[in-house]
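Q: Could you take a close look at one part of this model for me, namely the charged side chains that pair up? I'd like the cut-offs along with the values, please.

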Amino acid sequence: ARQALHRSLVMQDEHSSLFVQNEQSQIKHHIDQRFGDLVGIITEAAQAHAADAADRHNRLVSELGNLHQGFQTSLANISNRVSDLRMQTHSLEKLMLDRLLSRSRMMQSFDDPKTESHLEVTIEKAL
């Protein structure tokens, strides 16, 4: 009876050991599956994030290009306007000096038509 009890205990022990090994194997398989799923989800999320980041980067680069082009256009317009204003200022200065010279000559013709005034010489040099 002892041997039968011993064999029964050994068989139960082997059965329990096989059951535990089977359970461990199933748990390991389940963990491996979940880990694989998790890695897949993380990979998909990372790829989506990278694609979204690349898209945002491209949009920002495009917007910066547009801003740069607008800035260059504005700068060219300002430069042209400054040039125009310089030419207008120079023309006005020349016109004012011409009128001043004419007045000076007219007034001198009343005084002494033979001598050129110091003012006339200065104005002619400026022109």
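A: Happy to! The chain exposes about 11400 Å², with carbon and sulfur atoms supplying 61% of it (areas by the Shrake-Rupley method with a 1.4 Å probe; for residues, only the protein chains shown count as cover). This is a predicted model, where local features need pLDDT of at least 70 and side-chain atom pairs count only at pLDDT 80 or more, while totals for chains, interfaces and linings use all residues. Residues are numbered from 1 along each chain as its sequence is written, and side-chain values use heavy atoms, leaving out hydrogens and water.

There are two helices and zero strands, taken as DSSP runs numbered from the N terminus (helices: H or I, at least four residues; strands: E, at least two). Of the 127 residues, 4% are buried (buried: under 20% relative accessible area; exposed: over 50%; partly exposed: in between; 1.4 Å probe, protein chains only).

Now the pairs. The count is five salt bridges, each a side-chain nitrogen of Lys or Arg within 4 Å of a carboxyl oxygen of Asp or Glu. One of them joins lysine 28 to aspartate 32, with 3.1 Å between the closest N and O atoms. Both lie in helix α1 (residues 2-111), four residues apart, about one turn. Lysine 28 is exposed at 52% relative accessibility, whereas aspartate 32 is partly exposed at 42%.

Further along, arginine 34 meets aspartate 37 at 2.6 Å, N to O; these two are three residues apart in helix α1. Arginine 34 is partly exposed at 44%, as is aspartate 37 at 39%.

Aspartate 52 and arginine 56 form another salt bridge at 3.3 Å.
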